[in-house]
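Please look through the sequence and the structure below before reading on.

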Amino acid sequence: TYRGVDSNSQFCVSGDGTRIALSESNSLKVISRFGEISWDSTFEDKIREFVFAPNNSLVVSTISGLFLIETDNKIVELNSNFVASEISCSSDYLIVNSEDTMIAFSYTGTELWKKEGIATSRISFSNEGGKHVLLMDSKVLVCLDSIGDEIWSYRSKDDLQGAYVLESGYM
């Protein structure tokens, strides 16, 4: 049992199933699949979103910034002013969204590119992150390359719920 974990807590599991992250308010714990705490920390502000990257690092968004917790438990501040509503990770980089901004970061913390003034959601990666498909303004499906340039877009008459890209490249 872990104190402070209740129905308001959030959790996520690493892709390989070896690590579990649990949060309550501004506290974050990472435990092994055997229940042993491997990392325990408290952030200055409430944790809004977090996700494990394919390399087992942990991306955390609080109400005051965006952080990367590397596999050696070192904390890298990616952006002190960005509050992410969605975090998506490929093997080479991660993309974070807010209400009207999308930023791509490398896992070393370098900002790769930034798009402002657009509302996006539901990012799905293809070709090991070489391309990603996202939903803009609920009716436009857009495919971007890894440097953020548009490859194609599709406008629907109806609201879309998102798209998932298969490794074959088909949606």
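Strand β2 (residues 19–24) runs antiparallel to β3, and six bridges join the two; here strands are DSSP runs of E with at least two residues, numbered from the N terminus, and two strands pair if DSSP finds at least two bridges between them. Glu24 stands opposite Ser27 in β3, and the hairpin that β2 and β3 form has two residues between the strands, with Ser25 in the turn showing a positive phi of about 60°.

On to the next pairing: β3 and strand β4 (residues 37–42) are antiparallel and share five bridges, and Ser27 has Thr42 as its bridge partner in β4. Four residues lie between the strands of this hairpin, where Gly35 takes a positive phi near 90°.

## Basis of the model

This is a predicted model, in which local features need pLDDT of at least 70 and side-chain atom pairs count only at pLDDT 80 or more, while totals for chains, interfaces and linings use all residues. Residues are numbered from 1 along each chain as its sequence is written, and side-chain values use heavy atoms, with hydrogens and water left out.

Lys29, which lies in strand β3 (residues 27–32), counts as buried because its relative accessibility is 14%.

Ser61 belongs to strand β6 (residues 58–62) and counts as buried at 0% relative accessibility. Leaving aside neighbours within four places in sequence, the residues in contact (heavy atoms within 4.5 Å) with Ser61 include Lys46, Arg48, Leu66 and Ile87.

## Nonpolar cores

A nonpolar core is a set of buried Ala, Val, Leu, Ile, Met, Phe, Trp, Tyr and Cys residues joined through side-chain atoms within 4.5 Å. The largest one has 15 residues, of which Val59, Leu66, Leu78, Cys89, Leu94, Val96 and Phe105 touch the most other members. The elements giving two or more residues to this core are β7 (65–69), β8 (75–79), β9, β10 (93–97) and β11. A second, separate core has 13 residues, including Val30, Phe43, Val60 and Phe67.

## The open sheet

Four strands, in the order β9-β10-β11-β12, form an open sheet with antiparallel pairing. Its edge strands, β9 (86–89) and β12 (111–116), each pair on one side only.

Notes
Buried means under 20% relative accessible area, exposed over 50%, partly exposed in between (1.4 Å probe, protein chains only).
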